[in-house]
Amino acid sequence: MDQPHKWVLAEAIHSMYQAPLYHLILEVLLVIWILRLLFSKSYRIQDRVPLTKSEKEALVLDWTPEPLVPPLDKTLSEAVPYRAVNGQPGKNVEVDGRLCLNMASLNFLGLLGNLRIEKQATQSIKKYGVGSCGPRAFYGTVDVHVELEEKLAKFIKSERAIIYSYGFASIASAIPAYAKRGDIIFADEGVCFAIQKGLQASRSKIVYFKHNDMRDLEEKLKHQEQLDKKDSKKASVTRKFMVVEGLYMNSGQICDLPKLVELKYKYKVRLFVEESLSFGVLGEHGRGITEHFNIPIGKVDMISGSLEYALASSGGFCCGRAYVIDHQRLSGQGYVFSASLPPFLATAAMEALDIMHENADMLKELKYKGRKMQQLLNGIPGIELVGYPDSPAFHLRRKDPVSFKEDLQFLQDIVNKCSKNDLCLTIAGRLKDEELNSNWPPSIRVAVTVKISDEELERAANIIRDATV
Amino acid sequence: MNAAAQNGELNRNGANEIYHKGGSTKRKFQESFEPTPLYAAIVTYVNYAVVTLFGFLRDFLRKHGFEKLYAATEDPEMKDFVPLYASFESFYTRNIYNRIQDIFNRPICSVPGATINIVERKFSHSGWTSKYTGKTLKNVVNLGSYNYLGFAENEGTCSEAAIESAKKYGVGVCSSRQEMGNLDIHTKLEQTMADYLGVEACITFGMGYATNSTNIPCLVNKGCLILSDGLNHASLVLGCRLSRATIRVFKHNDMEDLERKLSDGVVYGQPRTQRPWKKILIIVEGVYSMEGSIVNLPGVLALKKKYKAYLYLDEAHSIGALGDHGRGVTEYFGIHASEVDIMMGTFTKSFGAAGGYIAGNRALVEHLRAHSHSACYATSMSPPVCQQILTSLSIISGTEEGRNRIKQLAKSCKIFRQGLKKLGFIVYGNDDSPVVPVLFYSPCKLGAFSREMLKRGFAVVGVGFPATPIVESRVRFCMSAALTDKQIQDALSACSDLSSLLNLNYSKAK
């Protein structure tokens, strides 16, 4: 109805005429102020002050970046020069002009230079050439890859295996395939660098526990369980993983797998074991740490291994149940975006696997020799031996550490003296500034190969003993 | 192509500019990226909608037990654990990828040369189960492997030399470069590669992917700025992330966007503190394998000099394939190799081997020798692989045969591209790139094309989401110097048949 409308409007206009002047002026000013605030640009102090073109050019001219890399003489003075190996490395190796006994290469089963492997590799090159010329998805899958995967899975008694073309890339690609931002990973603080890169790439929350300390791990798991109880909704979508190594590259210790499996089921945390060093070394047939502790392999969610040490080839693998491993065929970055393993290296690995399978007493002999060497080197004054007693790879550290630099020099002197007596050792390579644990003490990593005789072991131990004086 | 098609409307990123080349010819730098035709986009969306609907239906049937579940399941003992995969995460894999998975992962049982023997597989239950039929498809023409110069050979000088080196050095090394893995053949390879590229020094690694992911963190760290091309490879992206530097992405091959970001970087510094960046690193590739485009190297170099940035050039697909002597994208543009700070490449594509390298001045290489993650922790390259590279390098750089291979590759690229364009396909990229991506947009056509080509005796590579944008599925042909002219003509006539059968001639340019 029109009447109330008009009546209100008329009233308003009438009241305007009747209002005092100051009131009207104040109202008009208020309206103008509101309009101004509505239409003016907001001003923040942090906003960039627009610079003129010449000011920008002056800034560009002024800026001096750091050099891309440090100057050459600085790099050369700080770096340890590479040792020149001539010809084929094996039980003996020609280093810097001298023929030495090789206790530096991780050639545990002595398969470097094996004639059977060489013959198979040669035949493979005659059939497939050298490179595979493509990633697995695009005609880079050769039948030998499929065969090697089946063979590995059968040998290790797991359902599925997947091959990578580089040992470093296997665990570094596997971890980020499952663990994403928002997940939690419990990792041993002594894990090797490849695992550290995998952990970094995953963007998950990493909780480190003391090296090989199951009590510390359980404490941290309990703590997480309490946090989960407070926020159960978040906890129901947060995946939890534990990452350990079978035989630690950095200390030669083995992990406590039975306790880890117990913790896995108690706290509902998935278990990944990295077996680069322990595959082909531990266990009655070389199946790794699960065989060593007699634990069915299905209890471990994923095992990641390397074809580069005991099997003396190239590449890496992961094995586990089909439910877990098949995911990596589309999500493992190092698998999808990289060319596949050259076929002859897959053939070499298969032959090495056959040799290992046929000669199971090699494993016993390897453990015996590892134990013997450790016993021979035990008790050298000033030297501390670190490692699982049966392990063929163990570390020698300075007993009373002084400082990183001096300890490293002390160990380097030992290595040099041994070289002069035709024994080849190596300092365990570490990028101190890049590692998680930069205080990890420097060490000499001794690697025993099954091909060394008992007399050679004794001779080597004497050379090392003399070198420490 | 007519003049109107060359300018403006068809060229998205590429412009018709003329560069002086190092050789005698002044060639046009011509790239084309024809925009997606509207009806193709609509058809593709409809395809995805239908497949998605069926996907929901099938997921529902599987969940309630109406349809048999073929996928692997979680261990019954672990049913209380937090699920390993989010249920929607693998929707695409279960319902779309699975249906066309027979076009991927085809196993071969021969050398990946000009023709291959493919092991036949049969897929059933919408792609859930597969088995080997026992048959082998013989002599399928290989248009998918990265065999640019045809060095994937099992006979001839390369393989004989590789066999000799296997006898001399063995197959494995069992040690890292810094420990006991530095063999004389590695030093020889590095010296030869440095001489070939025309730089001071070079360092090699066992895996091309790891070359990027383990070395970029040695060059830049927190407080540095990385300007990375939008279409960079996953290994470069991972290397940048692991370095902890700040990453800013510029539009693919777009010099204006790059300049804007460089200018902002230098002028305004780090985001909150306004402190200047320690270093700025521009990361580009020589040839982008999904787009077939070549980097605008003169443009990038001009900007690099102006803003004092460093340039990292990934020549995975361009080394051996571009340039009169196969020296890569620097030779293609007539630029001296020393102008690029870090030249990286892989040996997988043009040399028929495996592994990667980084080359540059001696200070750079010595720094990487001491600090590279790969040199310290990963085992060094296998000796027969080194020998394969050495032999193929000596053929490429010194002999008539090498020159012929490079010429043959350039000729094949030209013939094939022009042939496809005449047939009406939309072909992306630069006329000189050895990678020829042809756009099909719909993943269904991708599957059909790949299967039909296999029936006619051609092996092609189809790429879809997530390697490409969701509506831009494509088939990527890789040219090879080993392919004969007849094989290329046969491939073109097969494509012509399929173009009419599957309605693939989208191009409006005629």
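Here are some numbered notes on a predicted model with chains A and B.

1. Start with what the record says about chain A. An unreviewed UniProt entry places "domain: Aminotransferase class I/classII large" at residues 101-464 of chain A. In the model, that span is 45% helix and 15% strand, and its end C-alpha atoms lie 12 Å apart.

2. Chain B carries an annotation of this kind too: the UniProt feature "domain: Aminotransferase class I/classII large", again from an unreviewed entry, covers residues 139-493 of chain B. Here the end C-alpha atoms are 18 Å apart, with 43% helix and 17% strand over the span.

3. The "transmembrane region" annotation deserves a look. It comes from an unreviewed UniProt entry and covers residues 20-39 and 161-179 of chain A. Residues 20-39 of chain A are 95% helix and 0% strand, with end C-alpha atoms 30 Å apart. Residues 161-179 of chain A come out at 63% helix and 21% strand, and their end C-alpha atoms are 19 Å apart.

4. Now find the seven-stranded sheet in chain A. It is open, its pairing is mixed, and its strands come in the order β4-β10-β9-β8-β7-β5-β6. At the edges sit β4 (160-164) and β6 (205-209) of chain A, each pairing on one side only. From one strand to the next, the twist averages 20°.

5. What packs on that sheet? Helix α8 (residues 167-178) of chain A does, touching β4, β5 (184-188), β7, β8, β9 (302-306) and β10 (316-320) of chain A. The direction of α8(A) makes about 160° with that of β9(A). Helix α12 (residues 257-267) of chain A lies across β7 and β8 of chain A, and runs at about 155° to β8(A).

6. Two strand pairs in this sheet are handy to trace. Strands β7 (residues 240-245) and β8 (residues 270-274) of chain A pair in the parallel sense over five bridges, and A:Val244 stands opposite A:Val273 in β8(A). By contrast, β4(A) and β10(A) run antiparallel, joined by five bridges. In that pairing, A:Ala161 has A:Cys319 in β10(A) as its bridge partner. Although β4(A) is an edge strand, four of its five residues are buried.

7. Chain B has an open sheet of three strands, with the order β4-β5-β15 and mixed pairing. The edge strands are β4 (115-124) and β15 (458-459) of chain B. Eight bridges link β4(B) to strand β5 (residues 129-142) of chain B in the antiparallel sense. One spot to check is B:Ile118, which stands opposite B:Leu137 in β5(B).

8. After α14(B) comes B:Gly424, with a positive phi near 95°.

9. One of those covering helices, α13(B), can be checked in the same manner. At 1.5 Å a residue, its 16 residues should span 22 Å, and its end C-alpha atoms are 22 Å apart, which agrees. As for burial, α13(B) is mostly covered, with 13 of its 16 residues buried.

10. Where do helices of chains A and B pack together? Helix α3 (residues 53-62) of chain A and helix α8 (residues 255-268) of chain B pack at about 75°, with their axes 9 Å apart. That angle makes α3(A) roughly perpendicular to α8(B). On the chain A side, A:Lys56, A:Leu59 and A:Val60 meet B:Ser263, B:Val266, B:Val267 and B:Tyr268 in α8(B).

11. Finally, is B:Val340 buried or exposed? B:Val340 counts as buried because its relative accessibility is 3%, and the cut-off for buried is under 20%. B:Val340 lies in the loop between α10 (329-332) and β11 (342-346) of chain B. Leaving aside residues up to four places away in sequence, B:Val340 touches B:Leu311, B:Leu313 and B:Thr330. The C-alpha atom of B:Val340 is separated by 9.6 Å from that of B:Ala359, 19 residues apart along the chain.

Technical notes:
Residues are numbered from 1 along each chain as its sequence is written. Chains are lettered from A and ligands numbered from 1 in the order in which they are written. This is a predicted model: local features need pLDDT of at least 70, side-chain atom pairs count only at pLDDT 80 or more; totals for chains, interfaces and linings use all residues. Side-chain values use heavy atoms; hydrogens and water are left out. Buried means under 20% relative accessible area, exposed over 50%, partly exposed in between (1.4 Å probe, protein chains only). Contact means heavy atoms within 4.5 Å. UniProt positions are given in the numbering used here, feature names are shortened, and annotations may be inferred rather than shown by experiment. Two strands pair if DSSP finds at least two bridges between them. Axes are lines fitted to C-alpha atoms, for helices over the stretch in contact, and angles run from 0 to 180 degrees between N-to-C directions. Angles under 35 degrees count as roughly parallel, over 145 as roughly antiparallel, 65 to 115 as roughly perpendicular and the rest as oblique. The expected span of a helix is 1.5 Å times one less than its number of residues.
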